Amino acid sequence: MPTSSLPLQELRDVHLPGPISLWPPALGWWIVFGLVVTGVIVFMWVRMYRRRTRARRLAMAELGAVKQHYGTHRDDQWVVRRLSEIVRRYAMATFPRTEVAGLAGSSWLQFLDRTGRTNQFTEGAGHLLSSGPYRHQVSVSAVELVPLVEHWIQRVSPCTRRNPV
């Protein structure tokens with residue numbers, strides 16, 4: 001029992017807690033950090049993927065426009081010329097320029113067969129891509145050539161590293 005007449009004087013003063021530490025962060029901050037890192041990684045992967053497949057998307061969009069034009073006009077010569085341009089531009093965007101730029105005639109068709117893992121360019125309807133754009137009339141309907149070019153564009157994968165020339 002306290003012996004003094006003022007028992008409140010024997011009480012100690014209020015002790016404040018120490019300053020709040022920033023480390024280690026609370027669980028919520030770890031979750032936010034993990035979500036941000038995951039979001040950045042996913043964003044970078046999507047960006048790189050879209051950059052790698054940009055040429056394919058553009059070629060497929062042009063091919064869709066050619067199909068639509070052919071559906072209304074039925075101009076085989078125009079379709080063969082446009083398909084030849086699309087395939088050549090896509091090959092130039094996908095493969096090193098030194099490998100593609102000088103190809104013409106049968107070597108061009110052999111390149112398309114090799115890269116597309118087919119023989120339809122040298123032995124099938126694809127032979128129109130070498131001589132068809134330069135003729136006044138095309139003897140074969142371009143309807144057979146459109147799916148072949150579409151399959152080639154989808155099958156050929158873009159190079160991850162391009163050699164600039």
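Which residue forms a salt bridge with Arg82? Glu62 does, and the closest N and O atoms of the pair are 3.3 Å apart. The legends below begin with the whole chain and then turn to this pair and other details.

This is a predicted model, in which local features need pLDDT of at least 70 and side-chain atom pairs count only at pLDDT 80 or more, while totals for chains, interfaces and linings use all residues. Residues are numbered from 1 along each chain as its sequence is written, and side-chain values use heavy atoms, with hydrogens and water left out.

**View 1. The whole chain has seven helices and zero strands.** Helices (H or I, at least four residues) and strands (E, at least two) are DSSP runs, numbered from the N terminus. The radius of gyration, taken over C-alpha atoms, is 34 Å, well over the 15 Å that the globule rule gives for 165 residues, so the chain is more spread out than a compact globule. That rule is 2.2 Å times the number of residues to the power 0.38. The C-alpha trace spans about 120 × 35 × 25 Å along its principal axes. Of the 165 residues, 27% count as buried, where buried means under 20% relative accessible area, exposed over 50%, and partly exposed in between (1.4 Å probe, protein chains only). The accessible surface comes to about 11900 Å², and 60% of it belongs to carbon and sulfur atoms. Accessible areas come from the Shrake-Rupley method with a 1.4 Å probe; for residues, only the protein chains shown count as cover.

**View 2. Arg82 in helix H3 pairs with Glu62 in helix H2.** A salt bridge is a side-chain nitrogen of Lys or Arg within 4 Å of a carboxyl oxygen of Asp or Glu. Five of them are found in a search of the whole structure. Side chains of opposite charge can pair when their charged atoms come close. Glu62 is partly exposed, at 24% relative accessibility.

**View 3. Arg82 also meets Glu85 in a salt bridge.** The N to O distance here is 2.6 Å. Glu85 and Arg82 are separated by about one helical turn, because they stand three residues apart in H3. With a relative accessible area of 37%, Glu85 is partly exposed.

**View 4. Glu99 and Arg114 form a salt bridge, the closest N and O atoms being 3.6 Å apart.** Glu99 lies in helix H4 (residues 97-100) and Arg114 in helix H5 (residues 105-116), so the pair ties together parts that are 15 residues apart in sequence. Glu99 is partly exposed at 35%, and Arg114 is exposed at 53% relative accessibility. Elsewhere, salt bridges that share partners join Glu62, Arg82, Glu85 and Arg89 into one network.

**View 5. Helix H5 has twelve residues.** From its first C-alpha to its last, H5 reaches 17 Å, close to the 16 Å expected at 1.5 Å a residue; the expected span is 1.5 Å times one less than the number of residues. Its buried residues include Trp108, Phe111 and Leu112. Among what covers the buried residues of H5 are H3, H4, helix H6 (128-131) and helix H7 (145-155). Arg117 follows H5 and has a positive phi, near 50°. Arg117 sits in the loop between H5 and H6 and is exposed, at 55% relative accessibility.

**View 6. Ala101 lies in the loop between H4 and H5.** Ala101 is partly exposed, at 46% relative accessibility. Leaving aside neighbours within four places in sequence, Ala101 is in contact (heavy atoms within 4.5 Å) with Arg88 and Met92.

**View 7. A nonpolar patch on the surface includes Trp23, Leu27 and Ile41.** Patches are made of residues with over 30% relative accessible area and no salt bridge: like charges are joined within 9 Å, nonpolar side chains (Val, Leu, Ile, Met, Phe, Trp, Tyr) within 5 Å. Ile41 belongs to helix H1 (residues 27-52) and is exposed, with a relative accessible area of 55%. The peptide bond from Trp23 to Pro24 is cis, with omega near -5°. Pro24 is in the segment before H1.
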